Amino acid sequence: MAARCPSHMFNLHARATRWLKVPHLERRIALLAFVCALPSLAVGLHADDYVLHRNLREGGPLEAYTFWPRDPQAAHARLVAQRNEGGMAWWADEHPRTSYFRPLSSLSLWLDFESGLPPWWMHLENCAIYAVMVWLAVALYRQLGLSDAGLGLAALFFGLDGAVATSVGWIAGRNTLLAPCFGLACMLVHDRSRRSRRPPLLVLSCLCFALSLLSAELGLCTLGYLCAHAWTVDRAPLMRRALALLPYGLVTAVYLAHYVTEGYGNSGAGLNRDIATTPALSLLLAWLEALPLWLASTATLPIASLQLFGPNFRLPLLVFSLAVLAVLLPLLGSRLTREPHGRMFTLGAVLSLVPLAVTLPQERLRFFVAFGVYGLLGPWVASDFDAPGRLRRTAARVVWRLHGVLLPLLFVPFLFSVVNGPGVAAAIALDQALPRASAPTAILLNPPAFTVPWFQVAMRAFRGETAPPVYPLYAGSQPLEIQRVDDRSLELHVARSWFAAPFEQLRDLARAPFHVGDRIDLPHVAVEVREVNAAGAPTRARFTFERSLDDPALAFRYWEGKNLALWKPPPVGGRAQLAAAQAL
């Protein structure tokens with residue numbers, strides 16, 4: 001069979017399998033994950049790290065993830081202030097609501113900043129949390145019945161999943177580490193409690209579940225596996241299984257009641273949907289569409305996040321996902337249902353995605369679904385790597401190359417992916433280009449993301465420096481057509497609107513669409529919406545400045561690929577075209 005596979009790949013698989021067959025595999029994989037995460041100590045602060053610091057300074061130790069006040073009037077007032085100061089786009093929602101109940105994650109960041117800890121220490125904390133999470137996942141794999149090579153490969157796939165390294169290397173992503181860490185601890189203790197028939201352990205597992213919820217909304221995914229465990233693994237009478245789940249239901253009810261009544265959530269703009277106002281049918285359809293992408297991208301290539309930044313990826317990704325599942329599901333076959341842990345991994349992975357119906361698929365959030373998918377893939381690859389059937393053997397070896405070789409190799413590069421994330425590199429370039437003192441009003445024509453001035457202002461605030469006004473006219477993935485209407489006016493046209501991609505949606509158009517004639521008055525420029533599409537997104541807008549476009553008090557800047565440059569307006573009646581900036 002070795003002749004059917006390249007010798008170096010076969011030898012690598014054989015060596016890895018031997019290396020993974022040790023009594024205390026949890027320690028080995030956790031240590032390996034910790035070491036691989038250590039290069040993130042050089043990442044520093046980026047993007048939302050600065051914004052969270054500002055939120056903590058303004059709101060207190062539990063408000064790092066409160067991006068807008070929960071009081072509607074206060075949120076509107078802050079939006080107007082930030083828009084007038086140049087830190088927020090003119091097309092942003094007039095009544096934003098983006099506030100997340102994550103007190104535990106917020107408190108951990110507050111302690112870091114208040115203690116004056118250097119960024120490398122904060123990253124070291126992330127590394128330690130990730131190592132503990134990996135230890136818990138491998139221990140749970142073993143406790144649920146995985147063994148030998150199947151256990152080793154599942155552990156390797158989960159511990160060195162390069163697709164989740166973005167969260168590990170991002171201080172602001174602390175919440176996405178703490179929630180699955182406590183969630184896996186809850187599952188581990190719950191399973192032990194049910195196996196040993198020791199109800200007091202349920203108190204500890206419920207505490208871990210509560211801590212997961214207090215870390216991030218992602219903790220709700222734990223419920224999917226708890227329900228799957230009760231249905232597939234727990235052998236107690238049905239009523240006792242239901243009673244064992246009751247405490248988690250009560251904790252969830254209290255959590256959701258507090259979440260809704262205190263005004264937490266998202267207004268429906270950006271990457272998230274508002275669970276309180278989005279129709280249940282819409283959420284169901286969104287979940288059904290996202291389910292294949294979550295599963296297929298976890299099983300193969302980390303490509304789910306592509307649709308966040310480009311309007312053309314949605315259909316190809318869906319087709320790819322369905323094709324992958326059409327191939328893999330028959331190959332996994334009875335493994336999905338034969339063993340109790342196989343049924344739990346299958347059902348748990350699907351149910352864990354229910355809370356994620358409010359957001360779009362993103363690799364950095366896939367910890368829970370990855371736990372179930374890798375629990376299935378590890379034993380399957382181990383058994384079919386040398387299967388007699390060509391299709392089974394080839395598919396298993398492809399999955400091995402992806403998860404045993406490629407993604408571990410990408411782990412360290414993905415730690416640094418936040419540095420080149422949407423708007424991050426552009427914000428750094430803008431910050432370096434703008435003077436530290438008074439300066440001409442900066443007009444940005446085509447930044448790659450709306451977050452560019454937002455991040456830049458937060459960076460200046462973190463350093464205690466003055467941020468000169470910066471006004472974006474457009475931001476996103478589309479090319480611009482520009483016409484100089486008169487001495488003081490520009491008109492911009494975008495074929496696919498200011499809201500072409502999900503990451504560009506700063507406003508819930510279903511609730512507050514734009515209309516032709518809408519006017520937004522800013523300190524140095526008035527914006528008039530001239531055309532909108534069927535969804536209510538602007539496709540053409542006119543910008544009338546308080547002075548001539550040729551006045552040196554106005555500094556127009558644009559991105560030529562990844563480079564920031566000065567732009568000179570054309571003569572009256574003239575036109576210009578700008579290509580889309582490179583977002584990544």
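## A sheet and a cavity

Strand S5 (residues 480-486) pairs with S12 in the antiparallel sense over four bridges. Here, strands are DSSP runs (E, at least two residues) and helices are too (H or I, at least four), numbered from the N terminus; two strands pair if DSSP finds at least two bridges between them. Along this pairing, leucine 480 stands opposite leucine 578 in S12.

This is a predicted model, where local features need pLDDT of at least 70, side-chain atom pairs count only at pLDDT 80 or more, and totals for chains, interfaces and linings use all residues. Residues are numbered from 1 along each chain as its sequence is written, and side-chain values use heavy atoms, leaving out hydrogens and water.

Now let's step back to the whole sheet. Six strands form an open, antiparallel sheet in the order S7-S8-S9-S6-S5-S12. At its edges are strand S7 (519-521) and strand S12 (575-578), each pairing on one side only.

The structure holds one cavity of 30 Å³ or more. A cavity is a set of points, on a 1 Å grid over the protein atoms alone, where a 1.4 Å probe fits but cannot get out; lining residues have an atom within 4 Å of a point. The largest cavity has about 40 Å³ of space, a volume being the space filled by probe spheres set on the points, which are joined across faces, edges and corners.

Who lines this cavity? Among the lining residues are Arg54, Phe67, Gln82 and Trp454. Helix H3 (48-59) and helix H4 (72-85) each supply at least two residues of the lining, and H3 gives the most, with three.

How values were computed: On a 1 Å grid over the protein atoms alone, a cavity is a set of points where a 1.4 Å probe fits but cannot get out, and a pocket is an open set with protein on both sides within 12 Å along at least five of seven lines; lining residues have an atom within 4 Å of a point.
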